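Subject: Structure handover

Hello,

Please find the structure below, followed by notes on what was found in it.

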Amino acid sequence: MHETLTLPTADGEMGIHVVRPDGDGPFPVVVFFHHGPGLDAGSKEAMQLLADGGHYVVSHDRYHREAPWYLLTPDMRGDKETMQRFFGVLMGTTEEMVDIDLAAVLTHLDADPAARSDGPLGCIGYCIGARSVVCTMAAHPDRFGAGVALHPSFCTTDAPDSPHLRVPSIRGSLYVAFGSADTMQSPADNVPFIDGVNAMPDGRGEAEVLDGAEHGFAVPQSPAYHEAAATHAYDKAFALFADALA
């Protein structure tokens, strides 16, 4: 079942897209933070994959302040002005804005009988959405019990609020996967983040580097999609959600 709705937020109306199994539920919830280009067809395919595993999957429109369901498509990448606008939107959408939007999503989930309310939530994110997974789990340890961050972006920075510094405050379980061939956000540039995840107590964190994969390896239909790495990462995600959201 696919459904697109509009929710009120403190910064105007925002779209959400829900993919869940047929039936009444309630189903365990996974909040889906889409990758940098937006909620494209490949992202919706990934949402369907998670829903086929028995989850209620919801993604919000990260860039709704710019335009409803703003999307960077492959044919737009060659235009300089378009790319300048895109990176302005990407970097201008702060994690504080994402958290405001998440509040509206959580309110919706609490009112939807198909979304299970008697247990922790999971979350999964790609690229810039993977950064939101880390920040969300740190900010809402009472609600999120499991997170998956795939080919993360901007998780290790020089800023005093760099996401990697928030890892010790995460109380849930976290799986992180980089591609060994990722030149946009390389594993070598994210050693503090990777080490911090692997140092999480009680075996709650795992960060690994998947051989041969590039940035975007886990998004179906992406030019960088890497079947072996994606299959491995989703197997890890399903195992994590099965354990933490049960």
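The protein chain has six helices and eight strands, where helices (H or I, at least four residues) and strands (E, at least two) are DSSP runs numbered from the N terminus. Read from the N terminus, the order of elements is β-β-β-α-β-α-α-β-α-β-β-α-β-α.

This is a predicted model, in which local features need pLDDT of at least 70 and side-chain atom pairs pLDDT 80 or more, while totals for chains, interfaces and linings use all residues. Residues are numbered from 1 along each chain as its sequence is written, and side-chain values use heavy atoms, with hydrogens and water left out.

Overall dimensions: the C-alpha trace spans about 45 × 45 × 35 Å along its principal axes. Of the 246 residues, 56% are buried (under 20% relative accessible area, 1.4 Å probe, protein chains only). Among contacts (heavy atoms within 4.5 Å) between residues at least 6 apart in sequence, 72% join residues at least 24 apart.

The structure holds one cavity of 30 Å³ or more; a cavity is a set of points on a 1 Å grid over the protein atoms alone where a 1.4 Å probe fits but cannot get out. The volume of the largest cavity is about 30 Å³, taken as the space filled by probe spheres set on the points, which are joined across faces, edges and corners. Its lining residues (an atom within 4 Å of a point) are Val29, Leu109, Asp110, Ala115, Arg116, Ser117, Leu121 and Arg143.

Regards

Note on methods
On a 1 Å grid over the protein atoms alone, a cavity is a set of points where a 1.4 Å probe fits but cannot get out, and a pocket is an open set with protein on both sides within 12 Å along at least five of seven lines; lining residues have an atom within 4 Å of a point. Buried means under 20% relative accessible area, exposed over 50%, partly exposed in between (1.4 Å probe, protein chains only).
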